[in-house]
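The exercises below are to be worked with the sequence and the model side by side. Each task is followed by a stepwise solution.

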Amino acid sequence: MKLASYFRSTSQYGIVIFLILLSIYFAYATDGIFLSARNIENVSRQIAINTILAVGLTFVIISGGIDLSVGSVLALAGVISMKVLCDGLVIGQSTVIHPLSTEYAIILSAVIALLVGAIAGAFNGLVITIFRVAPFVATLGMMTIARGLAYVYTDGRPVSPLPRSVREFGASTIPHTGIPTLVFIALLVVALGHLMLARMKFGRHVYAIGGNEEAARLSGINVAQSKLKIYVLCGMLAGLGGMLLATRLASGDPKSGTMFELNAIAAAVLGGTSLMGGRGTVLGTLIGALVIGVLDNGLILLGVSAFYQMVAKGFVILGAVILDQLTRRP
C-alpha cells in the first residue's frame, strides 16, 4: 500500500486514536489529576468557546476561505454586550436600552453579541465578494479594526462588575444533568452546524464552492451570496463566543480572544478540514477542539511553560497539515 493511500485510509480515525492516547498519557503523568471530575469540568468549559469559534471557521475553510478576525470579533462582541447591560445604550438624547440585571439580561446580551458578530462577518463577506479582496487580507484588516474598536469602546478597561444573573450563567449547569451550560450550548452549535453542512442545500453549496468555485458558479450557485452567508455565520458564532466567554470570566475584557483564531483554525484542521477547501466536517472539528483543549490542559498540569506549549501545539498543527497534503496525493 502506498504511503498516501495508507494515510488516506487511516486519517479519519487517527485523530481519535491520538486523542485517546494523549488523554491516557496525561492521566498517567499527572497521577490521575487530569481525569478528576473538577479538571474535566474546567477543560470542557475551556473547550466550549473554542469549539463554537471552530464550527464557524469550518464553514469558512471548507468554502476555500479563512477568517483571522474571529478572536477580535469575540472581544468586541463581548465588551459591547456586557457594557450595554451595565450602562445601557444611549443614542443621541434617547436611552434605547436601560441597564438590566434580571434574567432577561442573558437574552439581551446574546442578541447584541450575535448582532455585532453578524455585522463584522457581513463586512468581511462584502469586502471579499464585492472588492475581491483575498480572505486572508480582508479578515486581517477586520482583526485589527475589531480589536481597536474594543479598546476604544471600553477605553482599554475591562467591563465589570456584571449583573449577578450574567455572572451566574457562566458557571451554571443544566438542571438535573450536571452538564455545564456553556458545554451544552457548544454541543447545540455542533449539532446545528453538522445538520447545515450534511443535510441542507446551504451545506452542499459550501462544499461545492470550496471544491471548485468556477464549477459551482456555472452550476447555478450564487457564490457571492453564499460566501456572504458563510462569513456572517462565522461572525455570529464569534459574537456568541464573546458573550459566553464574558459570562465565564465575569468580565468583558477587550484583550480577550487573543490567539483564539489560531486555536480555532487548528481545531478545524486537526479534525480533517482541508485548508485547500472542499473537505471537512463539523464533527471532526469537535474532535480537533478536544485535542487542542486536552493538549493545553495537560501541558499546564505538567508545569510546561507557555512558550513550550506554543511549540508543542505548532508541531501538532504542522503534523495535521502534512497529513492533509499526503491524503490529497493520488
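A residue is buried when its relative accessible area is under 20%, exposed when over 50%, and partly exposed in between (1.4 Å probe, protein chains only). The model is predicted: local features need pLDDT of at least 70 and side-chain atom pairs count only at pLDDT 80 or more, while totals for chains, interfaces and linings use all residues. Residues are numbered from 1 along each chain as its sequence is written, and side-chain values use heavy atoms, with hydrogens and water left out.

**Exercise 1. State what share of the residues in the chain is buried, and count the helices and strands.**

Step 1. Of the 330 residues in the chain, 48% are buried.

Step 2. Helices (H or I, at least four residues) and strands (E, at least two) are DSSP runs, numbered from the N terminus. The chain has 13 helices and two strands.

**Exercise 2. Decide whether T285 is buried or exposed, and list its contacts beyond its sequence neighbours.**

Step 1. Locate the residue: T285 belongs to helix α12 (residues 282-301).

Step 2. T285 is buried because its relative accessibility is 0%.

Step 3. Contact means heavy atoms within 4.5 Å. With neighbours within four places in sequence set aside, T285 touches A54, V55, T58, A267, A268, G271 and T273.

**Exercise 3. Describe how helices α7 and α8 are arranged.**

Step 1. Axes are lines fitted to C-alpha atoms, for helices over the stretch in contact, and angles run from 0 to 180 degrees between N-to-C directions. Helix α7 (residues 181-199) packs against helix α8 (residues 201-211) at about 70 degrees, and the axes are 5 Å apart.

Step 2. Angles under 35 degrees count as roughly parallel, over 145 as roughly antiparallel, 65 to 115 as roughly perpendicular and the rest as oblique. Helices α7 and α8 are therefore roughly perpendicular.

Step 3. On the α7 side the contact uses M196, L197 and R199; on the α8 side it uses K201, F202, G203, R204, V206 and Y207.

**Exercise 4. Trace the salt bridges of E213 to R217 and to K227.**

Step 1. A salt bridge is a side-chain nitrogen of Lys or Arg within 4 Å of a carboxyl oxygen of Asp or Glu. The closest N and O atoms of R217 and E213 are 3.3 Å apart.

Step 2. R217 and E213 are separated by about one helical turn because they lie four residues apart in helix α9 (residues 213-218).

Step 3. E213 also bridges to K227, at 3.0 Å from N to O. This pair links distant parts of the chain, 14 residues apart, with E213 in helix α9 and K227 in helix α10 (residues 223-249).

Step 4. E213 is partly exposed at 29% relative accessibility, whereas K227 is buried at 15%.

Step 5. E213, E214, R217 and K227 form a salt-bridge network.
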